[in-house]
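Reader: Hi! Could you walk me through this one?
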Amino acid sequence: MHAMPVAGTGETCLIGAEDVRIRFGDVEAVGGVSLGIRGGEFVTLLGPSGCGKSSLLKAIAGLVPVAGGTLAVAGRPAGPAAALEVGLMFQKPLLLPWRTTLLNVELPMEIALKSSGVGRFERARAVELLRMVGLADFAAAYPHQLSGGMQQRAALARTLMSDPDILLLDEPFGALDEFTRETLNGELLAIWHSGTTRLKAIVMVTHSIPEAVAMSDRIVVLSPRPARLIDVIAVKLPHPRDPADAAFARVLGEVRAAARPKVAP
Amino acid sequence: MSRVLDSAILTPIGFILGVLVVWQALVVGLGIPEYLLPAPLVIVTTIEKSLLIEIGYTAGEALCGFIIASALAFAGAVLFVRYRTIEQGLFPLAITLKTTPIVAIAPLLVLWLGTGWWSKVAAAVLIAFFPVLVNTVKGLKAPEADFQDLFATMRAEPAQVFRKLRVPYCLPYFFSALKISSSLAIVGAIVGEFVGAEHGLGYLIVISSAHLETPTVFQAIGAAAMIGIAMFYVLEFIEKRVVFWAQIETE
């Protein structure tokens, strides 16, 4: 019923994975995944906890080496030499506790400029990003003075500071309560659709099926470890998506059926 | 709030005063000879101005040793963490030196450096060095893997990871070690003075106890404690301002 994933690393694919395998010692985390992600797409990697989906994300970010197959970002191997800027946001905010929110957001620029501070242009951009994530009044606050949700907003602003082409999200709001999480998911979509950033694609890892349906254009369903591709489901619902909607429920059921563990023969 | 603070300060003061009163009463009531246990009033009223000079010597030696030890230990920790080979090579040696009692080494230091200032400073350095080294190494290695991944996604160079992540991250560990080392440095200085000196609280304790001038011994002990307490609180004052963001417990 569903088209098989786009294979190959052709020009049309922003991220091209072909039979990607990732291994940690003797443990195989990802067991041969082929996948193509095009510009303009919000793609979710959905799978049970510990299935290796985070490893796949980290491989796209160049943090984890690929043991087999090829993984290309805009036609070049993933990693420091990647042709496009890749931003990765973690489940934990990972803010530096000795820096104010503003200085945390400026960190990627400081590192890129190899300096101990940033110029007026970068400062203005950091302030603008803080405003975008709703932290304009907390620029001078330290991380321990922020709530969990605010810390994650700051982390999002920091990730956007380097103006990435591709945004990788590793269960970005997974540690937050349901209410905060839904709010932040909504704001993330608003930023994505606003077109004020250079973002060309978002790849998000989650184990929440409703979250995947609410956010993505395509859902990549992965098996338990080692992660293999089970199905790719396109979600053709307009935004904003209403979980109470019948069409939403239908897609939800479809994804659930695909993700359901298959009984061993 | 201020009532809580008041009782936090007043309660210990009350207890200390109580102990002193009981001590005074027992010594006077039981007629304990002064050379065995002098009464608190005798100890306080016989304080001479020259005690300040001896405090100055010991505090100076301890502080000098403490500062040298802290600087060396911090530099050593940075080298250990940046160059694994140095750590592998030197760590066993460091542990061996650490487990050797300072009292056993002190005579050697006096032999090499004389009975003056530097043998005491050296003893203070030796004893204050290792807690700072060990804790700072621990702190520099403390940032979790996720933080290192974060810096990797920003394409940070190793020197940047060090400056912007590892060094600030280790400061709470560094300060908690400084507080331990400051009191150890005083131990080192006094041990050095025991072995051979013409000045200092250690010298005063040795000479006075030999002459059964027990009140002076108590004065010197009290003074040594005061130096330790003063250094501790100065460090805590600095710590609260430098690493105000830290949550790790300091003990």
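Author: Happy to; we can go through confidence, the sheet and the chain contacts.
Author: This is a predicted model, where local features need pLDDT of at least 70, side-chain atom pairs count only at pLDDT 80 or more, and totals for chains, interfaces and linings use all residues. Residues are numbered from 1 along each chain as its sequence is written, while chains are lettered from A and ligands numbered from 1 in the order in which they are written.

Reader: What pLDDT does chain A average?
Author: Chain A averages 85, and 94% of the residues score at least 70; pLDDT is the predictor's confidence in each residue, from 0 to 100.

Reader: Where does pLDDT stay under 50?
Author: Over residues 1-11 of chain A.

Reader: Ok, new topic: what is the strand order in the open sheet?
Author: The 6 strands of chain A run 6-7-8-3-9-10, with mixed pairing. Strands are DSSP runs of E, at least two residues, numbered from the N terminus, and two strands pair if DSSP finds at least two bridges between them.

Reader: Which are the edge strands?
Author: Strand 6 (86-89) and strand 10 (229-234) of chain A, each pairing on one side only.

Reader: Do tell me, are strand 7 and strand 8 of chain A parallel or antiparallel?
Author: They pair in the parallel sense, over 5 bridges. L169(A) stands opposite M204(A) in strand 8 of chain A.

Reader: And how many residues of chain A are in contact with chain B?
Author: 14 residues of chain A, with 12 residues of chain B; contact asks for C-beta atoms, placed from the backbone, within 7 Å.

Conventions
Contact = placed C-beta atoms within 7 Å. Helix = DSSP H or I, 4+ residues; strand = E, 2+ residues; numbered from the N terminus.
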